[in-house]
Amino acid sequence: MKSSSRAMPLLFIALLAAVLLYFVVQGYQYFSSPFSTSVAYQSVTEESIGATGYLARNEEPLNGNGGTLRHVATEGEKIGAGQTIAESYSNNGALETVSQIEELELQQGQLEFALESYMDNDAALKLDSSITAGVLSLHQALAGGDYTLAQEDLSALKAAVLKRDYSFETPDEIQAKISDVKAQIEKLRSTLSGAKNITAKNAGTYSYSCDGYETVLTPKFLETLMPEKLKNLAPSEESNNIGKMVYGERWYFAATIHEEDAALLHMGQTVKLRLSKGLSQDVDAAVERVSAAENGQVAVVLSCRKYLAEVTQLRQLSAEIIVDSHTGLRIPSSALRVDSEGRTGVYCMIGEVACFKPCSVVYQGDGYTLVKADLLAEGTDILRHGDEVIVTASKLTDGELVR
């Protein structure tokens, strides 16, 4: 009994020693050869320059005569020479009358659509889809802070909803309402007097708004642009403008950027321009000017020939100038290895085994690398999206059991 009682403490000490030895060995192995993995995934890295600047166009303000206006042309509409842009009325109360006429014309259009829908079985379904798309577009515009676009989306959505409401009435009821609306429009128009048409001198694109920069931010002004000139830019104090005409298809983005960033740009270069609002996609732009440096700043001018009608109301905003982009499989930089044959690649976990997969470096980032898989002999596995890449472990060999 005494011999048995003495053996128990010895057995406990031996067991404790074995446990401690296990943890010491595991700790040594971890710190001398740590092991971790990361998933390789498809990624895009952009080399870009952030800037805040101005949009410029070849613009001409349109001067009104002080009367009450009824716009005929819409925002961003292509206008021919001599085409009517707006109607001007001189009599008192014309503003309210014109507003009533525009509301009735909108109602007439909605009623006529509802009448036509009885002859088109798919009209209601198409309208329902349009309403759903309108709600999504309005949500995106509000989320992106583009309130000009949101206002347009809201107006279109209201019109679509009203059209849908009218579709539940009978054709006779709708036709009676159309006749009544037409009679109201004619009666209101008869009360307007002294109407004068305001027409376009030259063909171009019409815009409702003027902000005073039309005669300041001109293409000629941009030809000699320097950082200090852009910094001190101020609008003119013109008044009584009823909108503006934009001539040509080319528009410009002018901004000041850091001198170090300007080293990435040169005259004639094509880059991508991403505006903070107005456009939902990147556009190709040409580098028109890179000025000399002033106090570490450089003025740059980019030009674009697309989507003019969508940027006619934009002036000062932020943007990203995307100089280059790289696509590849993103991995931690520490995962790159060179095998015994001198090939660059990574080791991936295939079950419990380390498998070497050669790859080429596409772009070296801060702590990460974009790579593309090297094509191997037929039947050989290559690096793919979703592969488990071994990040930290020493002296790996192809086919080694690592777990």
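# A walk through the predicted chain

Among contacts in the chain between residues at least 6 apart in sequence, 76% join residues at least 24 apart. The model is a predicted one, and it has eight helices and 18 strands. The chain holds 403 residues, of which 36% are buried. Its accessible surface comes to about 23,000 Å², and carbon and sulfur atoms account for 54% of that area.

A pair of aromatic rings is described by the distance of the centres and the angle of the planes. For Tyr 54 and Tyr 213 the ring centres are 5.7 Å apart and the planes stand at 45 degrees, so this pair is tilted. The pair links distant parts of the chain, since Tyr 54 is in strand 2 and Tyr 213 is in the loop between strand 7 and helix 6 (219–222), 159 residues apart. Both Tyr 54 and Tyr 213 are buried. In another pair, Tyr 206 and Tyr 208, the centres are 5.8 Å apart and the planes are at 90 degrees, so the arrangement is edge-to-face. Tyr 206 is buried, with a relative accessible area of 0%, whereas Tyr 208 is partly exposed at 35%. A ring also takes part in a contact of another kind: Arg 330 lies over the face of Tyr 368, at 3.7 Å from the ring centre.

Strand 7 (residues 204–207) contains Thr 205. This threonine is buried, with a relative accessible area of 1%. Not counting residues up to four places away in sequence, Thr 205 touches Gly 76, Glu 77 and Lys 78, then Lys 244, Met 245 and Val 246, and also Leu 308 and Thr 312. Gly 204 can be followed to another part of the chain: its C-alpha atom is 6.6 Å from that of Gly 80, although the two glycines are 124 residues apart along the chain. Gly 80 is in the loop between strand 4 (78–79) and strand 5 (84–89). With 27% relative accessibility, Gly 80 counts as partly exposed. Its contacts, leaving aside neighbours within four places in sequence, are with Ala 200 and Ala 203.

The backbone angles concerned are as follows. Asn 295 has a positive phi of about 55 degrees although it is not a glycine. Asn 295 is in the loop between strand 10 (283–290) and strand 11 (297–304), and at 77% relative accessibility it counts as exposed. Tyr 307, also a residue other than glycine, has a positive phi near 60 degrees. Tyr 307 is in the loop between strand 11 and strand 12 (316–332). With a relative accessible area of 35%, Tyr 307 is partly exposed.

The cysteines remain. How many disulfides does a search of the whole structure find? The search finds zero. A disulfide needs two cysteine sulfur atoms within 2.5 Å. The sulfur of Cys 348 has its closest cysteine sulfur in Cys 355, at 6.8 Å, and is therefore too far away for a bond. For Cys 359 the closest cysteine sulfur is that of Cys 348, at 8.4 Å, which is also too far for a bond. Cys 348 is buried, with a relative accessible area of 0%, and Cys 359 is buried as well, with a relative accessible area of 2%.

Conventions: Residues are numbered from 1 along each chain as its sequence is written. This is a predicted model: local features need pLDDT of at least 70, side-chain atom pairs count only at pLDDT 80 or more; totals for chains, interfaces and linings use all residues. Side-chain values use heavy atoms; hydrogens and water are left out. Helices (H or I, at least four residues) and strands (E, at least two) are DSSP runs, numbered from the N terminus. Buried means under 20% relative accessible area, exposed over 50%, partly exposed in between (1.4 Å probe, protein chains only). Contact means heavy atoms within 4.5 Å. Accessible areas come from the Shrake-Rupley method with a 1.4 Å probe; for residues, only the protein chains shown count as cover. Rings of Phe, Tyr and Trp (its six-membered ring) pair if their centres lie within 6.5 Å; planes under 30 degrees apart count as stacked, over 60 as edge-to-face and the rest as tilted. A charge sits over a ring if NZ of Lys or CZ of Arg is within 6 Å of the ring centre and within 35 degrees of the ring normal.
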